[in-house]
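Please read them alongside the structure shown here.

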Amino acid sequence: MNAREARPGDLGISASRHAGREAKRELPGDVDVWVFVIGEMVVFAAYFAAYVVDRGRNQELFLQSQQLLSPGLGVVNTLVLLTSSLFVALSVRATRTADARTASQCLALGGACGAAFALIKSFEWYSKLRVGLTISTNAFFMHYYMMTGVHFFHVVLGLVLLTILWREIHHTDAPRAWVIESGACYWHAIDLLWIVIFALLYLMR
Amino acid sequence: MTRTATVAARPATDGRRLRPKLDQWICWWSIPIFYNLFGLIFVYFTKIMPPPSPGLTQDEIVAFIRTNATNLQIGFVLLALTLGLASLSSGIIVVQMRRMSSARVLAYAYLAVLAVAALPGCLFCGFMFVLAAFRPDRDPRILVLLYDMGLLSFVGSLGCFVIQYLVFAIAIVLDKRAIFPKWLGYMSIWGLVTELVALPSWIFRGGPYAWNGAISFWLGTAIFVVWEVCLVVSLYGAVKRQPLDEILA
């Protein structure tokens, strides 16, 4: 995130670069973060493909195991993460209008929702492990723990990024919009991936 | 002071001034050479890549080792001889990482963690199979043990590589001199995740997360190859752009 953080002498360059970007209506965020996000989509697509292939081989087992999940917690988590994305998007909008106070408040709320997602997910795992449903129970639970686990790792990484964005808004006089946008792109990608995971694991019949 | 004086006095005979980046280019070329050898050893000779299944029966494992014994010996003796080449690639990467504005401690951590990672990630696997091939008439149950130890170590040696990718990603993202492109730092996060998803290879003997699985092995290897190619290309650019006065100073 901070790779192009301007040193005092660079401020002019950074500002003009940003101005040019606005004028041409380019991608939000910088190109590097899009390489990352699209790559993540491809990698997750491989997990999804592996799941669907295994599911096709043993549909009965997958359907039965699916009944053992807690759809309520899944729905709550989906709503929590969508709300989080909304706050982060509002924060980006506030940054563009140089409203640092709203930007920082929305970002903090977005981060809090992200943390709530992680807590609920941990509780869900705990409740499954407690009744003996582990990663080696069967193929369905192997995919369940791996997909949600890898996604969890991304949420934690995203929370670190949101903290960096929050510092950017708090500790610089003019937070750079492209930095906030880059972090927000990644956070929305995590949200999008969760929606697919939720559909595959909890809803697919 | 003395050094600059010497350089100025004997410009034509000072090899370093004539080819100031020669040492780095030698190290750079070692990378494609090493990985071609690596491919030859693991794919062609020993057939450890792609890995044989963890679900093989005892008889199949014994057959794999006995019919493959000579190739295992050729391959892994070659590995024992040439694995040191990997240190040249670590050397040049660390030289370039030290130029970054991010803390040098990350460069040293990178060097240290790769020095350790070579053992479980490569050499240990080779030793297990060369041991098995040394006496292929050994008790079949011991051959199975060596087979498991070799392959689990090869695919399941995660922790060192996780930290390697992590310190590399942090160094690039924090670097303000843009020695490496920032997307290479982000790509290292994919590498990190592929190591994490290889974790279940310690548990499963089949499926996408086993040591020969679609995710643990194939996805991980595909991302590693893409990452390595991008690293080598970025490294070329970094050495090319390095100002001469920085080297000669």
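1. Helices α3(B) and α11(B) are roughly antiparallel to each other, the class used for angles over 145 degrees. The axes of α3 (residues 22-45) and α11(B) come within 11 Å and cross at roughly 165°; axes are lines fitted to C-alpha atoms, for helices over the stretch in contact, and angles run from 0 to 180 degrees between N-to-C directions. Helices are DSSP runs of H or I of at least four residues and strands are runs of E of at least two, numbered from the N terminus.

2. The model is predicted: local features need pLDDT of at least 70 and side-chain atom pairs count only at pLDDT 80 or more, whereas totals for chains, interfaces and linings use all residues. Residues are numbered from 1 along each chain as its sequence is written, and chains are lettered from A and ligands numbered from 1 in the order in which they are written.

3. Which residues of α3(B) meet α11(B)? They are B:Gln24, B:Trp28, B:Ile31, B:Pro32 and B:Tyr35, and their partners in α11(B) are B:Glu228, B:Val232, B:Leu235, B:Tyr236 and B:Val239.

4. Chain B has 12 helices and zero strands. Of its 249 residues, 38% are buried. The C-alpha atoms of chain B fill a box of roughly 70 × 35 × 25 Å along the principal axes.

5. Between the chains, 22 residues of chain B are in contact with 22 residues of chain A, a contact being two C-beta atoms, placed from the backbone, within 7 Å. On the side of chain B that touches chain A, α9 (159-174), α10 (182-197) and α11 (214-241) of chain B each supply at least two residues. The largest share, eight residues, comes from α10(B). That side of chain B has 18 nonpolar, one polar and three charged residues.

Conventions
Nonpolar A, V, L, I, M, F, W, Y, C, P; charged D, E, K, R; others polar. Parallel < 35°, antiparallel > 145°, perpendicular 65-115°, else oblique. Buried ≥ 20, exposed ≤ 12 C-beta atoms within 10 Å, placed from the backbone.
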